[in-house]
Amino acid sequence: AVVGASGSGKSSVVRAGLLPALRWQPASSGWPVYTLTPTAHPLEALSASLTRDSESVTAASTLRADMEQDTRALVLASRRLLSQNGHKHLLLVIDQFEEVFTQCKQESERQAFLENLFTAVDPADSQPVLRRSAPACPATCSIRGASPPPSRTTPPICPPSARRSCW
């Protein structure tokens with residue numbers, strides 16, 4: 001998780017630091033990246049992001065409806081996207097994650113969004129990174145009894161060979 005005060009540059013760290021660093025790594029350079037901001041309707045934002053390349057005008061609404069009904073819908077949609085592109089991983093960047101709690105007023109939509117995320121994250125094969133403001137951390141961490149991440153120093157995300165161009 002990237003946690004910090006509002007306006008401290010968390011989005012910039014992810015968009016200008018983490019994402020380019022992943023593209024530099026051979027193992028992750030080809031990962032498709034889907035970015036969203038939850039807004040008041042996180043299922044809509046998620047389905048719109050995942051169906052951005054679809055030619056169907058109803059793809060987003062269909063995926064949203066599927067996610068409302070089945071917590072495995074995100075898993076199945078991700079597998080379909082990966083099989084279409086021949087990739088093994090995809091990266092879902094959720095910026096302003098706290099909006100799930102501060103803007104989404106429908107508890108059923110919030111729960112469906114979170115349950116789809118929880119179902120999709122394979123602990124053995126995933127490394128979730130959340131970008132959120134510090135005040136939202138206690139609410140976010142209370143989901144499913146999770147505890148706040150331990151404080152630690154994170155190593156530079158920029159490889160040594162490219163550090164000069166990162167700053």
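## Notebook: fold, cores and voids of a predicted model

I am working on a predicted model, in which local features need pLDDT of at least 70 and side-chain atom pairs count only at pLDDT 80 or more, while totals for chains, interfaces and linings use all residues. Residues are numbered from 1 along each chain as its sequence is written, and side-chain values use heavy atoms, with hydrogens and water left out.

**Entry 1, overall figures.** I looked up burial for the 167 residues of the protein and found that 36% count as buried, where buried is under 20% relative accessible area, exposed is over 50% and partly exposed is in between, with a 1.4 Å probe and protein chains only. The protein exposes about 10,100 Å², of which carbon and sulfur atoms supply 54%; these areas come from the Shrake-Rupley method with a 1.4 Å probe, and for residues only the protein chains shown count as cover. Taking contact as heavy atoms within 4.5 Å, I noted that, among contacts between residues at least 6 apart in sequence, 65% join residues at least 24 apart.

I then searched for nonpolar cores, meaning sets of buried Ala, Val, Leu, Ile, Met, Phe, Trp, Tyr and Cys residues joined through side-chain atoms within 4.5 Å. The largest has 19 residues, and Leu46, Leu50, Met67, Phe97 and Phe113 have the most contacts inside it; E2, H2, H3, H4 and H6 are the elements that give two or more residues to this core. Apart from it lies another core, of seven residues, including Val2, Val14, Val33 and Val93. For phenylalanine 113, leaving aside neighbours within four places in sequence, I listed contacts with Leu36, Pro42, Leu43, Leu46, Ile94, Phe97 and Val100.

Helix H4 (residues 73-85) has 13 residues and reaches 18 Å from its first C-alpha to its last, close to the 18 Å expected at 1.5 Å a residue, the expected span being 1.5 Å times one less than the number of residues. In H4 the buried residues are Ala73, Leu74, Val75, Ala77, Ser78, Leu81 and Leu82, and their cover includes strand E2 (33-36), helix H2 (42-50), helix H3 (59-69) and helix H6 (107-120). After H4 comes glycine 86, with a positive phi near 70°. Helix H1 (residues 10-24), with 15 residues, reaches 20 Å between its first and last C-alpha, close to the 21 Å expected at 1.5 Å a residue, and in H1 I find Lys10, Val14, Gly17, Leu19, Ala21 and Leu22 buried.

On a 1 Å grid over the protein atoms alone, a cavity is a set of points where a 1.4 Å probe fits but cannot get out, a pocket is an open set with protein on both sides within 12 Å along at least five of seven lines, and lining residues have an atom within 4 Å of a point. Grid points are joined across faces, edges and corners, and a volume is the space filled by probe spheres set on the points. The second largest pocket holds about 320 Å³, and of the 17 residues that line it, Leu50, Thr51, Arg80, Leu81 and Gln84 are the closest to its centre. H4 gives the most to this lining, with seven residues. Searching the whole structure for cavities of 30 Å³ or more, I found two. The second largest cavity has about 50 Å³ and is lined by Leu19, Leu22, Arg23, Ser28, Ser29, Trp31, Val33 and Leu91, with H1 giving the most, three residues.

Most residues other than glycine have a negative phi. I therefore noted that threonine 39, in the loop between E2 and H2, has a positive phi of about 60° although it is not a glycine, and that this threonine 39 is partly exposed, at a relative accessible area of 34%. Glutamine 96, in the loop between strand E3 (91-94) and helix H5 (99-102), also has a positive phi of about 60° without being a glycine, and glutamine 96 is partly exposed at 25% relative accessible area. Glutamine 96 and threonine 39 are 57 residues apart in sequence and 8.4 Å apart in space, C-alpha to C-alpha.

Technical notes: Helix = DSSP H or I, 4+ residues; strand = E, 2+ residues; numbered from the N terminus.
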